[in-house]
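Reader: I have a model open on my screen. Can you walk me through some of the details?

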Amino acid sequence: MTQNRTEQAAEVFGRLFNATPPTSEPDPEFGPILRKVIFSDVFATGDLDDRTRELVTVTCLAALQTLPQLKAHATAALNVGVTPVELREAMYQLAPIIGFPRTLNAIGVVSEVITAAGHELPLQTQGTTTDEDRHELGLDIQTALYGTEIADALAGLPEPFDRAVPGFLTDFHFGDFWTREGLDRGTRELLALVTLAALNLAPQLPAHVRGCLKAGNSVETVLAALVQAFPYIGYPSALNAMRVVLAETGSRPQQVRQVK
């Protein structure tokens with residue numbers, strides 16, 4: 001290692017924000033700790049490119065509604081090569097997990113950033129489904145990654161909820177969003193997993209760890225994404241998710257049958 005942590009942090013900070021770290025700030029002791037942990041220690045752990053790291057970061061910040069930081073990192077995401085469409089799609093797909101109001105807040109921030117960067121709104125259309133085929137196409141994706149476990153788990157609900165509730169997930173989460181272009185399926189699943197980790201939604205984590213691997217992510221990529229998330233969601237939340245990864249895969253990486 002030829003650079004110290006301060007130098008490494010300054011280099012990464014410069015790549016992301018096209019700026020040098022501040023030389024004076026209201027909390028002169030806290031800022032350097034933050035920058036060295038995030039931009040030196042975390043960025044040096046795991047094999048993720050800057051684009052993926054910033055997609056993970058903006059997803060966590062949007063899920064937690066830390067909107068000032070979302071604005072800064074949405075700008076950083078564009079600086080390191082995330083396209084406006086990719087950034088928008090990362091926000092859109094939060095809706096089934098965090099709800100429409102918080103998703104609208106995040107879209108509003110990201111839209112301001114995209115416009116400030118010189119891009120014209122609205123962006124290109126990415127939807128691929130109609131009301132007539134959204135269920136069928138969503139079900140194809142859901143079944144490939146998760147089988148019928150959601151419908152099976154909710155089969156005990158009384159009518160009409162036994163079909164309506166799992167149907168909402170199929171049609172809304174997978175049919176309306178995961179059929180869209182702009183992000184590949186592996187990235188969508190990785191971002192969904194870090195969203196669940198950010199919100200401490202432990203019951204949903206095991207299925208999404210398995211889905212992440214089936215969508216083409218390696219165990220190392222999943223763990224690197226959770227390491228990237230930890231400064232934003234907190235160490236306990238990231239650690240809880242890592243324990244689920246270990247429980248689902250064992251302590252060593254395994255080959256998992258991937259689906260297209």
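Reader: Start with E25. What is its relative accessible area?
Author: E25 is partly exposed, at 23% relative accessible area. Buried means under 20%, exposed over 50%, and partly exposed lies in between, with a 1.4 Å probe and protein chains only. This is a predicted model: local features need pLDDT of at least 70, side-chain atom pairs count only at pLDDT 80 or more, and totals for chains, interfaces and linings use all residues. Residues are numbered from 1 along each chain as its sequence is written, and side-chain values use heavy atoms, with hydrogens and water left out.

Reader: Which residue does E25 form a salt bridge with?
Author: R35, with the closest N and O atoms 2.8 Å apart. The pair links distant parts of the chain: E25 sits in the loop between α1 (5–17) and α2 (30–42), R35 in helix α2, 10 residues apart. A salt bridge here is a side-chain nitrogen of Lys or Arg within 4 Å of a carboxyl oxygen of Asp or Glu. Helices (H or I, at least four residues) and strands (E, at least two) are DSSP runs, numbered from the N terminus.

Reader: And R35, buried or exposed?
Author: R35 counts as buried, because its relative accessibility is 12%.

Reader: How many salt bridges in the whole structure?
Author: A search finds 12. R88, E89, R180 and R188 are linked in a network of them.

Reader: Give me distances around E89.
Author: E89 to R88 is 3.5 Å between the closest N and O atoms. For R188 to E89 the closest N and O atoms are 2.9 Å apart.

Reader: Switch to packing. How do α5 and α7 cross?
Author: Their axes come within 9 Å and cross at roughly 170 degrees, α7 being residues 100–116. So α5 is roughly antiparallel to α7. Contact (heavy atoms within 4.5 Å) involves P84, L87, M91 and Y92 of α5 and T103, A106, I107, V110 and I114 of α7. Axes are lines fitted to C-alpha atoms, for helices over the stretch in contact, with angles from 0 to 180 degrees between N-to-C directions. Under 35 degrees counts as roughly parallel, over 145 as roughly antiparallel, 65 to 115 as roughly perpendicular, and the rest as oblique.

Reader: Why call α12 largely enclosed?
Author: Because 7 of its 10 residues (205–214) are buried. The cover includes α8 (134–146), α9 (149–153), α11, α13 (219–233) and α14 (235–249).
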